[in-house]
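Morning, everyone. I have one model to walk through, and I'll keep it short. Here it is.

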Amino acid sequence: MKDLLTWTLEAIRSDDTMMSWLEERRYEWAPIVGNAIAKILEGQSVILLTDTQNSWFEKYVIQHVNRPGINRPLLPFFSFDALYPFVETIRSDQDIDLLFDMFSLSYPQGFFFWYIGKADHANARIALRNEESLLWVMDEEITNSFTMRSYDEMIDIKLLQLFRLFDKTLNAALFAEIDMGA
């Protein structure tokens, strides 16, 4: 069994679709993703939430994480938009509190948000209220987040590469190939 950081480096180097930029950022990547995957293994649900520009990525993840023919158990990944299609009506902290109450009742094992997008988007307020969120934030440095640049001409490809690595890491964790405690 390997530690997550060593496994991540080997996974990046052995995959022809990964680029060197990801190898250089593995020290930022591993603790953030390791924490999220540990919560999934504990039985928590993942609620995907994005800004408008990255809504395509939410759909991509939902369609691929539990795709037919994958050799692992189905995992609790859900689209925020499917769970609560009235996100534009959330304006106050009280609205967010009510939303969190609903999710707490719906997911008694726990839940966290996986937010992909700009930190100044209205949807980010929801994810940032939950300290347990997995944050892939654009254009702003936020503690315990993986930061990218929305104006990067390769951003879509990088998001797909990150998901590919996330998915591989999830498999490795589920099948005890990596030590999530390291």
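Start with confidence. Helix H2, residues 20-24, has the lowest in the protein, at a mean pLDDT of 84. Strand S2, residues 45-50, has the highest, at 98. pLDDT is the predictor's confidence in each residue, from 0 to 100. The protein's mean is 92, and 98% of its residues reach 70 or more. Where pLDDT is low, the predicted coordinates should not be read in detail.

Ground rules. This is a predicted model, so local features need pLDDT of at least 70 and side-chain atom pairs count only at pLDDT 80 or more, while totals for chains, interfaces and linings use all residues. Residues are numbered from 1 along each chain as its sequence is written, and side-chain values use heavy atoms, with hydrogens and water left out. Helices (H or I, at least four residues) and strands (E, at least two) are DSSP runs, numbered from the N terminus.

Now helix H3, residues 26-41. H3 has 16 residues and reaches 21 Å from first C-alpha to last, close to the 22 Å expected. That expectation is 1.5 Å times one less than the number of residues. Its buried residues (under 20% relative accessible area, 1.4 Å probe, protein chains only) include Arg 26, Trp 29 and Lys 39. After H3 comes Gly 43, with a positive phi near 105°.

Next, pockets. A pocket is an open set of points on a 1 Å grid over the protein atoms alone, where a 1.4 Å probe fits, with protein on both sides within 12 Å along at least five of seven lines; lining residues have an atom within 4 Å of a point.

The largest pocket holds about 240 Å³. Of its 16 lining residues, Asn 35, Glu 131, Ser 133, Thr 143 and Asn 144 are closest to the centre. H3, helix H7 (122-128) and strand S5 (134-138) each give two or more. Which element gives the largest share of that lining? H3, with 5 residues. The lining divides into 8 nonpolar, 5 polar and 3 charged.

The second largest pocket has a volume of about 190 Å³. Helix H4 (55-65) and helix H8 (155-174) each supply at least two lining residues. H8 gives the most, 7 residues. Among the lining residues are Tyr 60, His 64, Phe 163 and Asp 167.

Last, H8 itself. H8 has 20 residues and reaches 28 Å, close to the 28 Å expected. Just after H8, Ala 176 takes a positive phi of about 55°.

Conventions: Buried < 20%, exposed > 50% of the residue type's maximum accessible area, 1.4 Å probe, protein only. Points joined across faces, edges and corners; volume = space filled by probe spheres on them. Nonpolar A, V, L, I, M, F, W, Y, C, P; charged D, E, K, R; others polar.
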